[in-house]
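This briefing sets out selected features of one protein model. Please consult the sequence and the structure shown below alongside the text.

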Amino acid sequence: MKLDNKRTLFVGLAFLSICAFWQMYDNIVPLILTKTFGMNETYSGIIMGADNVAALFLLPLFGSLSDKTNTKIGKRMPFILFGTVCAAILLNILPIFDNGYFAAPTTGKLVGFIVVLGLLLVAMGTYRSPAVALMPDVTPKPLRSKANAIINLMGALGGIIYLGIAAVMYPNSKTSGLEHVNYRPLFIVVGVIMLVAIAVLKLTINEPKLVNENKELEDKHPEWNLAEDDGSGTEVLPKEVKKSLGFLLASIALWFFGYNGVTTWFTTYVNEVMGQGLGGASTCLLIATGGAIVSYIPIGILASKIGRKKTIQLGIIVLAVCFGLGYFITTSFTSINLIMFVVFAVVGFAWAAINVNSLPMVVEMCKGSDIGKFTGYYYTASMAAQIVTPALAGTLMRNISYTVLFPYAAIFVALSFVTMLFVKHGDAKAEAKKGLEAFEDMDD
């Protein structure tokens, strides 16, 4: 039995479209809120955290709804097609309000922007869970780890495509000194990318046929079902394991406080502190993403030798140091330079070391039948941090100084090292992985 890599690449197009969208959302929307609409950092931070609040409710809701759906084109495809089309349309209404408000400010245009933004978040929430669920629907259980590696690579590719386009379309030479930047061409391009990706997905993936084939194959292999039922339907963790899980979840929240604070505010930060535009900021984030991607294989090898916990702690130390350096570099230079590129490449390595190993540590503490529940714990911790940190960091930047961003991130990341010291479980050393297998623990 061998994974159909080509088919899995096509399935991953849904995740590519999702990641391209969110990379643009995190880059552009804070600029529009603060520059065009003149919102302070607290209010714009609250709005930037709203997507994570919505995700806490929308992702399980529409994932469950898609489980119960049965149409001629499948369970997941209706949600994927509907959500993507709605998102692409709503996405391209935003710059109309943005440009219109700059030309002639009115409360109605501001309200219209916020309403459309809210509808856009709902549209994105309708299809993320179904899109992620499509892969296991059409992939035999023994091959899902390898398939998940390809799905996550497609997601990374989506982010890279957006960042590359933004860097080319909006270099600092074109945006420097402008009172207002028209982002409509960029929104159109991203909308087209999303629609094309989903169109190719629909044309190449026959969901009902593949789901039936996979079900027939798995019916022939009941040994693939490793879930156990102890009769009570619940699992009680030993006290010491509960303690480790609690500290691990605290660590996850803390490093997301730091990392997401930077990724949310970095574009606005370099504009305010260094006078740099979207192109330079996008290039830095692109380099960080590239640094993470090229690090996954060596990180997988390293974790197999020294363990997940030590690999995470190494990543924490490196990330905290990089954020500390970020403060000194951005306050010492007035333009984005080679030193910043190097630092962001190392940030990518550090985040890979943390992100690749944290979810496996969480699920290592449970039985196979509870993986979904424990994965939920992971996302609750990470999303809770991502809900709070945009507003918290924005408030501190407004009331103290924009330059507080990198020290803020460094402190939270450093605190996660302290909580990781109390994590005593979930540190199984896996066999060194090669090729695509090294990506199988990537977090989506």
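**Asn337 and its surroundings**

A polar atom of the N337 side chain lies 3.3 Å from the backbone oxygen of S335. The side chain of N337 also reaches the backbone nitrogen of I339, at 3.1 Å. Both are polar contacts, that is, pairs of N or O atoms within 3.5 Å, where within protein one must be able to donate a hydrogen and the other to accept it, and residues adjacent in sequence count only if both atoms are side-chain atoms. The model is predicted: local features need pLDDT of at least 70, side-chain atom pairs count only at pLDDT 80 or more, and totals for chains, interfaces and linings use all residues. Residues are numbered from 1 along each chain as its sequence is written, and side-chain values use heavy atoms, with hydrogens and water left out.

- N337 is placed in the loop between α13 (308–332) and α14 (338–364).
- With a relative accessible area of 14%, N337 is buried (buried means under 20% relative accessible area, exposed over 50%, and partly exposed in between, with a 1.4 Å probe and protein chains only).

**Overall architecture**

- The protein has 16 helices and zero strands; helices (H or I, at least four residues) and strands (E, at least two) are DSSP runs, numbered from the N terminus.
- Of the 444 residues in the protein, 53% are buried.
- Among contacts in the protein with a separation of 6 or more, 85% join residues 24 or more positions apart, contact meaning heavy atoms within 4.5 Å.

**Packing of α4 with α6**

- Helix α4 (residues 77–91) packs against α6 at an angle of about 150°, and their axes are 8 Å apart; axes are lines fitted to C-alpha atoms, for helices over the stretch in contact, and angles run from 0 to 180 degrees between N-to-C directions.
- The two helices α4 and α6 are therefore roughly antiparallel (angles under 35 degrees count as roughly parallel, over 145 as roughly antiparallel, 65 to 115 as roughly perpendicular and the rest as oblique).
- Their crossing, that of α4 and α6, is left-handed; this term applies if the near helix is turned anticlockwise from the far one by less than a right angle, and right-handed if clockwise.
- Residues of α4 that meet α6 include F79, I80 and G83, and those on the α6 side include A123, T126 and Y127.
- The contact of α4 with α6 comprises 15 nonpolar, three polar and no charged residues (Ala, Val, Leu, Ile, Met, Phe, Trp, Tyr, Cys and Pro count as nonpolar, Asp, Glu, Lys and Arg as charged, and the others, Gly among them, as polar).

**T126 within α6**

- T126 belongs to helix α6 (residues 107–138) and, at 6% relative accessibility, counts as buried.
- The T126 side chain reaches the backbone oxygen of A123 at 2.6 Å.
- Apart from neighbours within four places in sequence, T126 is in contact with F62, F79 and G83.

**Packing of α2 with α11**

- Helix α2 (residues 13–36) and helix α11 (residues 239–273) pack at about 50°, with axes 8 Å apart, which makes α2 oblique to α11.
- The crossing of α2 and α11 is right-handed.
- In this contact, D26, N27, P30, L31, T34 and K35 of α2 meet α11 residues including W265, N271 and E272.
- By class, the residues of the contact of α2 with α11 are three nonpolar, seven polar and three charged.

**V168 in α7**

- V168 lies in helix α7 (residues 144–169) and is exposed, with a relative accessible area of 64%.
- Although V168 and G279 are 111 residues apart in sequence, their C-alpha atoms are 7.0 Å apart in space.
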